[in-house]
Amino acid sequence: MSEVDRYRLAPVRDARSREERLRRGDLADAASIARASEAQVAAAAGRVAEARAALEAARTAQRELVTSGTTSLALSRTEQFIVRRRRDLDAAIDAHARAEASHRGQLDQVDAARNQLARARADKEIIERHFTRWRTAKARLAERRED
């Protein structure tokens, strides 16, 4: 049997290594999801900008109709169109706010995964230092026996 096999904490050492690999994967998954949610926030912001531009275009069209002199029916339809565009803008703003909140939550998960990885690495480092001390002590003992 080699001296590594006789190390009493070898199962703990292996468990710490597995834990560190697992936590690294968890962090990578959380970061990937965070990037995707960031893209969703950017897309939602784009939809808000588009909705604002559409509402402004509708208002401009209404002003042009008023200045050119038009029928009350056309003005009524234009007003209904503006109301619809306002609803679209409100919905886009709401979707953007939800996407931002979701992204903030995902960033919190990334931080938590980063903290768990740091903890797993620290635990692994402790057992590795113990193993190094144990191996050094075994080597010294072997040297003393040779003398």
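This is a predicted model: local features need pLDDT of at least 70, side-chain atom pairs count only at pLDDT 80 or more; totals for chains, interfaces and linings use all residues.
The helices themselves are DSSP runs of H or I with at least four residues, just as strands are runs of E with at least two, and they are numbered from the N terminus.

Residues are numbered from 1 along each chain as its sequence is written, and side-chain values use heavy atoms, with hydrogens and water left out.

Coming back to the pair of helices, the crossing of α1 and α2 is left-handed, meaning that the near helix is turned anticlockwise from the far one by less than a right angle, where clockwise would be right-handed. By class, the contact of α1 with α2 has 32 nonpolar, 10 polar and 21 charged residues. For that count, Ala, Val, Leu, Ile, Met, Phe, Trp, Tyr, Cys and Pro are nonpolar, Asp, Glu, Lys and Arg are charged, and the others, Gly among them, are polar.

Next, the charged side chains. How many salt bridges does a search of the whole structure find? The search gives 11, with a salt bridge taken as a side-chain nitrogen of Lys or Arg within 4 Å of a carboxyl oxygen of Asp or Glu.

E20 counts as buried at 8% relative accessibility, while R121, at 42%, counts as partly exposed; buried means under 20% relative accessible area, exposed means over 50%, and partly exposed lies in between, for a 1.4 Å probe and protein chains only. E20 and R121 also belong to a network of salt bridges that links them with R24 and K124. Of these, K124 is found in helix α2 and is partly exposed at 24% relative accessibility. Looking along the chain from there, the C-alpha atoms of K124 and D147 are 35 Å apart, for a separation of 23 residues.

Other salt bridges stay within one helix. In α1, the side chains of E19 and R23 meet at 2.8 Å, N to O, and because these residues are 4 apart in that helix, about one helical turn separates them. Both are partly exposed, E19 at 32% relative accessibility and R23 at 23%. In α2, R129 forms a salt bridge with E125, the closest N and O atoms being 3.0 Å apart, and this pair, too, is 4 residues apart, or about one helical turn. Here R129 is exposed, at 52%, and E125 is partly exposed, at 39%.

A further residue that I would like you to look at is H103, whose place is in helix α2 and which is buried, with a relative accessible area of 15%. Where does the side chain of H103 reach? It comes to the backbone oxygen of A34, at 3.5 Å.

Finally, a few distances. R16, in helix α1, is 107 residues from D123 in sequence, yet their C-alpha atoms are 6.6 Å apart in space. Along helix α1, where V48 is found, the C-alpha atoms of V48 and S32, 16 residues apart along the chain, are separated by 25 Å. A49 is also found in helix α1, and its C-alpha atom is 59 Å from that of A10, 39 residues away along the chain. As for accessibility, V48 is buried at 8%, whereas A49 is partly exposed at 45%.

Note on methods:
A polar contact is a pair of N or O atoms within 3.5 Å; within protein, one must be able to donate a hydrogen and the other to accept it, and residues adjacent in sequence count only if both atoms are side-chain atoms.
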